[in-house]
Amino acid sequence: MSGSRLTLLGETPADDPEAVPARRTRSAQPTPQQQTEAQQKAAASMLMIALKALSQRFVVSVASLVDLVLFGAAFAIWWQIMRGPSQLQIIAASLFSMFSLAVIWMRRRN
């Protein structure tokens, strides 16, 4: 088999310079058993930092959502009484709107 690069299964190429070397197993990424304790602690701390930042952003977005809900409720009340408002409806909607504006103003002041 001097001119052929094929080998029989289970046969190892002896001194053939054209022989294809055997494939190596991939070990680019270490398995979880191979990771050191320091790498695991670093990964855990990075995860905690990411979760902390995400939770802070969530709290800020929920705080901003309160203003939107108050504004939306006041708008919905005024929209409902537009067809035929009575004096009591106008007074109630005005009081709720002023209360909503006061809450938004007090929250923004801090």
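Reply: The model is a predicted one. Two packed helices are described by the angle between their axes and the distance between the axes. Here the pair is helix H1, residues 37-81, and helix H2, residues 87-109; their axes come within 10 Å and cross at roughly 165 degrees. An angle over 145 degrees counts as roughly antiparallel, so H1 is roughly antiparallel to H2. The crossing of H1 and H2 is left-handed.

On the H1 side, the contact is made by Ala63, Val66, Asp67, Leu70, Ala73, Ala74, Ile77, Trp78 and Ile81. These meet Gln89, Ile90, Ala93, Ser94, Phe96, Ser97, Ser100, Val103, Ile104, Arg107 and Arg108 of H2. By type, the residues of this contact divide into 13 nonpolar, 4 polar and 3 charged.

Within H2, the buried residues are Ala93, Ser97 and Ser100, and H1 is included in what covers them. An α-helix has 3.6 residues a turn, so residues three or four places apart point the same way. As for its length, H2 has 23 residues and should span 33 Å at 1.5 Å a residue; the end C-alpha atoms of H2 are 32 Å apart, which agrees.

Phe71 also lies in H1. Its relative accessible area is 56%, and the cut-off for exposed is over 50%, so Phe71 is exposed. The C-alpha atom of Phe71 is separated by 9.1 Å from that of Ile104, 33 residues apart along the chain.

Conventions:
Residues are numbered from 1 along each chain as its sequence is written. This is a predicted model: local features need pLDDT of at least 70, side-chain atom pairs count only at pLDDT 80 or more; totals for chains, interfaces and linings use all residues. Side-chain values use heavy atoms; hydrogens and water are left out. Axes are lines fitted to C-alpha atoms, for helices over the stretch in contact, and angles run from 0 to 180 degrees between N-to-C directions. Helices (H or I, at least four residues) and strands (E, at least two) are DSSP runs, numbered from the N terminus. Angles under 35 degrees count as roughly parallel, over 145 as roughly antiparallel, 65 to 115 as roughly perpendicular and the rest as oblique. A crossing is left-handed if the near helix is turned anticlockwise from the far one by less than a right angle, and right-handed if clockwise. Contact means heavy atoms within 4.5 Å. Ala, Val, Leu, Ile, Met, Phe, Trp, Tyr, Cys and Pro count as nonpolar, Asp, Glu, Lys and Arg as charged, and the others, Gly among them, as polar. The expected span of a helix is 1.5 Å times one less than its number of residues. Buried means under 20% relative accessible area, exposed over 50%, partly exposed in between (1.4 Å probe, protein chains only).
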